[in-house]
Amino acid sequence: MNIFSFFSGAGFLDLGFELEGHYNIVFVNEFHKAFNNVYQYARQNMNLPAPIYGHHVENIVHYVDGEHPEMMQNLMHFVNESKEQELTGFIGGPPCPDFSVAGKNKGKEGENGRLSQTYADLICHALPDFFLFENVKGLYRTARHRAFFEQLKKQFVDNGYYLTEQLINALEFGVPQDRERIILVGVRQEIADNLNLQ
């Protein structure tokens, strides 16, 4: 299965998918050039293949703002080409300080908080076969942030996705860090039906 990675950072989420054995990282987007450089350097050192559709240092807002149509056209070309070969998914964890109890707590109106909506809009425009959305527990447990989370989920359902979610702690997976995260996974309804995933 092919993976398009957004908010990639140094690539740890991508690496988790890749080392599982059934996923190919084919597209990477990370806004901060330093992180993108670290990501590329690490892949080279681990002898992992470069993403076939490249590393991109872009603000993902530009994929969906309508002012940069060539960027969305290029992305859609990559997505459609990828889908011809395998199932294709988007993975990403939009910046979380605006939802974190220890952060700015500005919610969906914060500079970082707005990127969660942008990521949802990108998914609903490109319609990958599946997606993963990761964020801090504050988006899931804080009442006013939870309302926004439910709004995002409705948007996904309205665009043809079955959803499942779970609040997990990194400790449960052998990571020596007490770190809770909400994981939301969506699968296109027709794909789930064909694979009997209901």
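Two strands pair if DSSP finds at least two bridges between them. By that rule this model has an open sheet of 7 strands, in the order S3-S2-S1-S4-S5-S7-S6, with mixed pairing. The model is predicted: local features need pLDDT of at least 70, side-chain atom pairs count only at pLDDT 80 or more, and totals for chains, interfaces and linings use all residues. Residues are numbered from 1 along each chain as its sequence is written, and side-chain values use heavy atoms, with hydrogens and water left out. Strands (E, at least two residues) and helices (H or I, at least four) are DSSP runs, numbered from the N terminus.

- The edge strands are S3 (55-56) and S6, each of which pairs on one side only.
- S6 and S7 run antiparallel to each other and are joined over 9 bridges.
- Tyr 162 has Val 187, in S7, as its bridge partner.

**Nonpolar cores**

- A nonpolar core is a set of buried Ala, Val, Leu, Ile, Met, Phe, Trp, Tyr and Cys residues joined through side-chain atoms within 4.5 Å.
- Buried means under 20% relative accessible area, exposed means over 50%, and partly exposed lies in between (1.4 Å probe, protein chains only).
- The largest nonpolar core has 35 residues, and those touching the most other members are Phe 4, Phe 6, Phe 27, Tyr 63, Leu 75, Phe 90 and Phe 156.
- Elements giving two or more residues to this core include strand S1 (2-6), strand S2 (24-29), helix H4 (69-83) and helix H5 (114-126).
- H5 gives the most to this core, with 7 residues.
- Phe 6 has contacts (heavy atoms within 4.5 Å) that include Phe 27, Tyr 63, Leu 75, Phe 90, Tyr 119 and Leu 122, not counting residues up to four places away in sequence.

**Helix H5**

- H5 has 13 residues and reaches 19 Å from its first C-alpha to its last, close to the expected 18 Å (1.5 Å times one less than the number of residues).
- H5 is mostly covered, as 10 of its 13 residues are buried.
- Among the buried residues of H5 are Leu 115, Tyr 119, Leu 122, Ile 123 and Cys 124.

**Aromatic rings**

- Rings of Phe, Tyr and Trp (its six-membered ring) pair if their centres lie within 6.5 Å; planes under 30 degrees apart count as stacked, over 60 as edge-to-face and the rest as tilted.
- The structure holds 18 aromatic pairs.
- The ring centres of Phe 27 and Phe 78 are 6.2 Å apart and their planes are at 50°, so this pair is tilted.
- This pair links distant parts of the chain, with Phe 27 in strand S2 and Phe 78 in helix H4, 51 residues apart.
- Both Phe 27 and Phe 78 are buried.
- Phe 156 and Tyr 161 form an edge-to-face pair, at 6.5 Å centre to centre and 80° between the planes.
- Both Phe 156 and Tyr 161 are buried.
- Arg 188 lies over the face of Tyr 161, at 5.0 Å from the ring centre (the rule asks for NZ of Lys or CZ of Arg within 6 Å of the centre and within 35 degrees of the ring normal).

**Lys 137**

- Lys 137 is found in the loop between S5 and helix H6 (138-141).
- With a relative accessible area of 31%, Lys 137 is partly exposed.
- Leaving aside neighbours within four places in sequence, Lys 137 is in contact with Thr 142, Leu 167 and Glu 180.
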